[in-house]
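Visitor: I have a model open and would like to understand the labels attached to it. Could you walk me through them?
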Amino acid sequence: MSEILHRLSAQGVSIWLDTISRERLRSGHLAALVRDKNVVGVTSNPTIFAAALSEGDAYDDQLHDLRVRGVGVGEAARAITTYDIRWACDVLRPVYDATGGVDGRVSIEVDPRLAKDTERTVAEARALWWLVDRPNLFIKIPATVEGLPAITAALAEGISVNVTLIFSLERYRGVLDAWLSGLEAAKAKGVDLSRIESVGSFFVSRVDTEVDKRLEAIGTDAAKLLAGKAGVANARLAHATFNEITASSRWQALSAAGARPQRPLWASTGTKNPAYSPTLYIDDLVTSGVVNTMPEKTLDAAAAQATVNGDTVRPFYEDAWNTMAALKEAGIDYDDVVRVLEEEGVEKFTASWNELIDTVSAELNKA
């Protein structure tokens with residue numbers, strides 16, 4: 001086992017893997033990562049599934065049967081993805097049991113084409129919860145304006161939710177409010193709050209990609225010095241927001257009733273700029289009670305060279321505010337940055353879903 005990853009876990013960071021495939025499952029590779037690299041959760045998205053489907057023969061038998069049965073491409077995609085998610089849930093079940101349901105979680109995403117449709121998002125969340133039928137499942141719902149009431153509705157029914165595509169601090173407050181509202185509604189219905197888990201996936205590297213592009217266009221010396229700083233600062237301020245909300249009397253009442261906090265999850269933690277350390281979003285976001293979901297390349301880098309020397313979030317809230325102030329002074333329009341990132345995020349996830357559907361269709365035709 002990597003000593004570095006062991007120290008990261010000991011600091012209270014739950015290490016999750018940001019990829020899944022049937023080959024990884026049937027070969028035992030996921031189980032090996034759980035055993036050897038402290039992996040205690042898995043996230044997925046349509047891009048990951050599309051890539052998995054187009055490689056190797058792991059899906060051939062199921063694709064053949066789906067074609068013979070005349071199953072439509074949309075339902076075939078759901079049959080394929082939920083099969084893998086169930087399997088991964090079973091692999092992670094011992095972790096789920098050992099951590100009292102905190103970790104050992106596997107996430108599956110609602111159709112991102114529904115990101116602007118609250119009612120259909122809730123309906124799909126229910127369907128996926130039923131299809132996978134595992135207590136350690138997370139349903140991923142995007143943090144769009146229309147997604148917020150869907151988050152509340154799903155939680156109110158006892159469905160554990162991974163809120164995805166969070167970029168802005170203002171929207172994050174909305175996510176936390178939706179989470180609290182869902183728990184309050186669940187409590188009113190008599191749902192066991194201790195069985196509901198949630199994470200809020202705050203995206204990191206994409207913020208730097210967008211901000212760095214704008215800083216380069218500004219071109220001043222002051223702007224150049226701020227490159228690669230926005231993502232971490234934004235995430236640290238999200239954590240400060242989380243601390244503020246979980247200190248409120250509203251949360252304390254729910255906690256007393258058995259509710260668990262919606263942990264911050266650092267998503268998009270693979271560095272996009274090769275000039276940056278591959279462990280930048282590991283090293284600078286270490287604190288207790290958070291999740292860091294990593295592509296395998298980032299996980300390997302973390303195991304080899306991550307710097308884990310205590311909390312790098314809570315002591316740096318003021319630094320983060322100063323960084324954001326400097327970015328504003330340099331000419332960065334934060335509100336526009338996060339607006340663009342959310343719109344692009346939904347578009348990219350939708351494109352990935354269409355790619356998944358196209359891949360399933362092509363594979364069905366070959367089966």
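Guide: Gladly; we will take a few labels in turn, bearing in mind that this is a predicted model.

Visitor: What makes strand 5 largely enclosed by the rest of the structure?

Guide: Buried means under 20% relative accessible area. In strand 5 (residues 161-166), 6 of the 6 residues are buried, so the rest of the structure largely encloses this strand.

Visitor: How do you know that strand 4 and strand 5 pair?

Guide: Two strands pair if DSSP finds at least two bridges between them. Strand 4 (residues 137-142) and strand 5 are joined by 4 bridges, therefore they count as paired, and they run parallel. Lys 140 stands opposite Asn 162 in strand 5.

Visitor: What makes strand 6 a partner of strand 5?

Guide: With 4 bridges against the required at least two, strand 5 and strand 6 (residues 198-203) pair, in the parallel sense. Ile 166 has Phe 202 of strand 6 opposite. Helix 9 (residues 169-189) carries the chain across from strand 5 to strand 6, and this β-α-β crossover is right-handed too.

Visitor: Which residues lie closest to the centre of the largest pocket?

Guide: That pocket has a volume of about 690 Å³. Of its 31 lining residues, Asp 18, Arg 206, Ser 268, Lys 272 and Pro 295 are the closest to the centre. By class, the lining has 8 nonpolar, 14 polar and 9 charged residues.

Visitor: Which helix gives the largest share of that lining?

Guide: Helix 17, with 5 residues. Helix 17 also gives the largest share of the lining of the second largest pocket, 7 residues.

How values were computed. Residues are numbered from 1 along each chain as its sequence is written. This is a predicted model: local features need pLDDT of at least 70, side-chain atom pairs count only at pLDDT 80 or more; totals for chains, interfaces and linings use all residues. Side-chain values use heavy atoms; hydrogens and water are left out. Buried means under 20% relative accessible area, exposed over 50%, partly exposed in between (1.4 Å probe, protein chains only). A crossover is right-handed if, with the strands pointing away from the viewer, the path from the first strand over the helix to the second runs clockwise. On a 1 Å grid over the protein atoms alone, a cavity is a set of points where a 1.4 Å probe fits but cannot get out, and a pocket is an open set with protein on both sides within 12 Å along at least five of seven lines; lining residues have an atom within 4 Å of a point. Grid points are joined across faces, edges and corners, and a volume is the space filled by probe spheres set on the points. Ala, Val, Leu, Ile, Met, Phe, Trp, Tyr, Cys and Pro count as nonpolar, Asp, Glu, Lys and Arg as charged, and the others, Gly among them, as polar.
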